Amino acid sequence: MEKETTIFGIRAVIEAIKSGENIDKIFLQKGLRGELFTELEQLLKKERLNSSYVPVEKLNRLTKGNHQGAIAQIAPITFYDIEDLVTSVLESGKVPLFLLLDQLSDVRNFGAIVRTAECTGVSGIIIQKKGGAPVNGDAIKTSAGAIFKIPICKVDHIKDAVFYMQASGIKVIAATEKTENTVYDVSFTEPCAIIMGSEGKGINPSVLKVSDERAKLPILGEIESLNVSVACGAFLYEAVRQRR
């Protein structure tokens, strides 16, 4: 199993970005100033990389080295280009089933979803560059290695992926409680993509607005919602059932 690589130090992070390293996320110290730090911030903006400003205590937990206020995590996988992935799946003759994760933040939920997606034959997973769970060692462990077996793409915004799916003839189904339709009222037999929202906020309203269909899971108990990884599994296995 590949291990997550951590790069620390402002100059080291700058050089990693310039050399084209497959960076998943960058952590920056809140309130830090300086010419070199400003250069790093400008580079992050230019390359549109996923970064977060955090207290120095978090950086100290991530590494015992002299981080100088900047740590970069190198993704253990190579991300696919969404256009290349969709084209290859459509040309394969298989009925596509994609999964769009709208800023899912919990890394263990992400890993569990990847594992289920691989088991249910999902064609690929699309995540957003910013705001989502990091693709790191915890994700690898929770996915039981499935993260190496299923294509994962990163896009600037999930809405971009929705529009591309629709332009490619792929129906986009939003998993949301904001509908009267249940998962059993929707057809998954045609090319489709399922959107799952974040743990706290669900699917972004702007993303929900442009989806083709909405569906929910029937809730018979007093708890109003399911864990997102469990709900995702229910949606994916309904797709499997319909396609058998």
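Reader: At what angle do helix 4 (residues 82-92) and helix 7 (residues 158-167) pack, and how far apart are their axes?

Author: In this predicted model, helix 4 and helix 7 pack at an angle of about 30°, and their axes are 11 Å apart.

Reader: Why are helix 4 and helix 7 called roughly parallel?

Author: Angles under 35 degrees count as roughly parallel. The angle here is about 30°, and helix 4 and helix 7 are therefore roughly parallel to each other. Their crossing is right-handed.

Reader: Which residues make the contact of helix 4 with helix 7?

Author: Helix 4 contributes Ile-82, Glu-83, Val-86 and Thr-87, and helix 7 contributes Ala-161, Tyr-164 and Met-165. By class, these are 5 nonpolar, 1 polar and 1 charged residues.

Reader: What makes helix 1 and helix 2 roughly parallel?

Author: The axes of helix 1 (residues 10-18) and helix 2 (residues 35-47) cross at roughly 25° and come within 10 Å. The limit for roughly parallel is under 35 degrees; helix 1 and helix 2 therefore belong to that class. Helix 1 passes helix 2 in a left-handed crossing.

Reader: Which residues of helix 1 and helix 2 meet?

Author: On the side of helix 1 they are Ile-10, Arg-11, Val-13, Ile-14, Ile-17 and Lys-18; on the side of helix 2 they are Leu-36, Phe-37, Glu-39, Leu-40, Leu-43, Leu-44 and Glu-47. The residues of this contact divide into 9 nonpolar, no polar and 4 charged.

Reader: What is the phi of Gln-68, and why is Gln-68 called partly exposed?

Author: Gln-68 is not a glycine, yet its phi is positive, about 60°. Most residues other than glycine have a negative phi. Gln-68 lies in the loop between helix 3 (56-62) and strand 4 (70-74). Buried means under 20% and exposed over 50%; at 41% relative accessibility, Gln-68 therefore counts as partly exposed.

Reader: Where is Gln-103, and what makes Gln-103 partly exposed?

Author: Gln-103 is in the loop between strand 5 (97-101) and helix 5. Its phi is near 60°, a positive value in a residue other than glycine. The relative accessible area of Gln-103 is 30%.

Reader: Why is the protein chain called as compact as a globular protein of its length?

Author: The chain has 9 helices and 10 strands. Its radius of gyration is 19 Å, close to the 18 Å that the globule rule gives for 244 residues, so the chain is as compact as a globular protein of that length. The C-alpha trace spans about 55 × 45 × 35 Å along its principal axes.

Reader: What percentage of the residues count as buried, and what percentage of the contacts join residues 24 or more positions apart?

Author: Of the 244 residues, 48% count as buried. Among the contacts with a separation of 6 or more, 80% come from residues 24 or more positions apart.

Terms used. Residues are numbered from 1 along each chain as its sequence is written. This is a predicted model: local features need pLDDT of at least 70, side-chain atom pairs count only at pLDDT 80 or more; totals for chains, interfaces and linings use all residues. Side-chain values use heavy atoms; hydrogens and water are left out. Axes are lines fitted to C-alpha atoms, for helices over the stretch in contact, and angles run from 0 to 180 degrees between N-to-C directions. Helices (H or I, at least four residues) and strands (E, at least two) are DSSP runs, numbered from the N terminus. Angles under 35 degrees count as roughly parallel, over 145 as roughly antiparallel, 65 to 115 as roughly perpendicular and the rest as oblique. A crossing is left-handed if the near helix is turned anticlockwise from the far one by less than a right angle, and right-handed if clockwise. Contact means heavy atoms within 4.5 Å. Ala, Val, Leu, Ile, Met, Phe, Trp, Tyr, Cys and Pro count as nonpolar, Asp, Glu, Lys and Arg as charged, and the others, Gly among them, as polar. The radius of gyration is taken over C-alpha atoms; the globule rule is 2.2 Å times the number of residues to the power 0.38. Buried means under 20% relative accessible area, exposed over 50%, partly exposed in between (1.4 Å probe, protein chains only).
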